[in-house]
Amino acid sequence: ELVELIKVKTEYDDFFDKENMKLRGMATNYLQVAMACAGFRERLGWENDGYAAKISEILLGILKNGAVDGWMDDELPHGRFDRYSLILTSEYADTMNAIGLPVPESVLCNLKRSAEAFLFAANRSGDGVIYGRSVACHGDATGAECISSALACGLIDEERIAEAIAYSHAVIKKITEFWYDSRRRSFNIWLDGRSTNYYRSIARVLEVNIDMAIHLFSTLANFKRAALADTEVGEVLRRPKKWEAREIKFVDYADNAKSLVMLRRGDVLINLPFVGHGKAWIKRASYYAFPAVHRLIEASPIAEYPFMIPEYTDKDGNIFRVCQYFDAVEVTSSEDGAKIRATGNLAKISCDIPEMSDYRFEITFEIENTSIKMRCKAYGELFVVSTVLGANDPRVKITAVGYEKSEKFHGVCDAIHSRLLWLKRYEGKNTELVGYDIELPI
């Protein structure tokens, strides 16, 4: 009876249309889920129509045509590149190895790029992806899982294996000692001052525990495949004395740029995304282009206010934000730090489907020592500009620049990872140049 129940429960017709070979309204990453279901069912003799290989070809086509270097757009064609984009080829390779199919060379190439990005990000705190949806424990686990898959596939140079092991150990330590709540005997991303988005609501508590266990088992299994399971962990992780920047270019065309800029100093990791949001996530703060810093500055995953970005209003009351429509991202490193500049068109969000407006913007971030300076210029007949600034740690000092008044106080509005998020709203009519200065306690 149990076998028959599992046979029924592993059917994937509810989210994948076998007749038309398309997902039923799901994010792109569910193609990998459908492929895995089909592959394991074939191994168990429960189906024999070759859907695993067929779905693999569809997913390969998306990876080759949707972006540069094989990154997955999780909501075609909106450019929503996030944690799922970084981990997709890791899960793809693990699945293909498990079901006995060869891993395509293009998948291995992207997996190597993903692992190299996390080796750049490798820090002793075990911090990982901090923007987008489905982060928290899943965001941190992404780095260790990608690195372990790359190790199992022989993609990491021998001189960097010690770093890979040390970072993975730090990630697993954070997951088991922080994200796993021994008092509740469960992973905890919802209670005691922690918050996540509606996507992983507390109704999914059983699924989150099972899913995280699978991620950890998969990571450890990859270390065994790489014959590294019993290797000692050394103090080998870099702690740069000055800011270092690395850009992951998801899309790089003449009029369409999507990328993630990672910045490192000491054990501090910053995620600065310039990505699309998609239809459902256009108002969600966790995808906005601001410097997200673990434990210091993080967006509430369910927030819909303009967190750390300008929001503009025109004479007709339409609302526009600096998001979604980036056409160029430039990263310049120097001895003192890094400068990131992005240009594009403001997104009109006061409608059901986000629209590209004719209003242009230019936003820059200058990061040096313990300071971050953001400045944004907008062009056109815009009348009001506002923003919501905040931090998870009261030691973080944020000063609004260019806003005429700051009277509306949001107060303690949200909580992230047991730290309160202090928020303050700013408004003004100086729409030409606004921004903020941040002083980090590092």
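**View 1. The second largest pocket holds about 360 Å³ of space.** This is a predicted model, in which local features need pLDDT of at least 70, side-chain atom pairs count only at pLDDT 80 or more, and totals for chains, interfaces and linings use all residues. Residues are numbered from 1 along each chain as its sequence is written, and side-chain values use heavy atoms, without hydrogens and water. A pocket is an open set of points on a 1 Å grid where a 1.4 Å probe fits, with protein on both sides within 12 Å along at least five of seven lines; lining residues have an atom within 4 Å of a point. Here 19 residues form the lining, with Gly 25, Met 26, Ala 27, Thr 28 and Asp 74 nearest the centre. β2 (22–23), α2 and α3 (51–65) each give two or more residues to this lining.

**View 2. The largest pocket has a volume of about 1100 Å³.** Its lining counts 35 residues; Gln 32, Val 33, Ala 36, Asp 211 and Ile 214 lie nearest its centre. α2 (30–43), α4 and α8 (205–225) each supply two or more. α8 gives the most, nine residues.

**View 3. Helices α4 (residues 83–99) and α5 (residues 105–121) cross at roughly 130°, their axes coming within 8 Å.** Contact (heavy atoms within 4.5 Å) involves Leu 86, Thr 89, Ser 90, Tyr 92 and Ala 93 of α4 and Val 107, Asn 110, Leu 111, Ser 114 and Phe 118 of α5.

Notes:
Axes fitted to C-alpha atoms, helices over the stretch in contact; angles between N-to-C directions. Helix = DSSP H or I, 4+ residues; strand = E, 2+ residues; numbered from the N terminus. Points joined across faces, edges and corners; volume = space filled by probe spheres on them.
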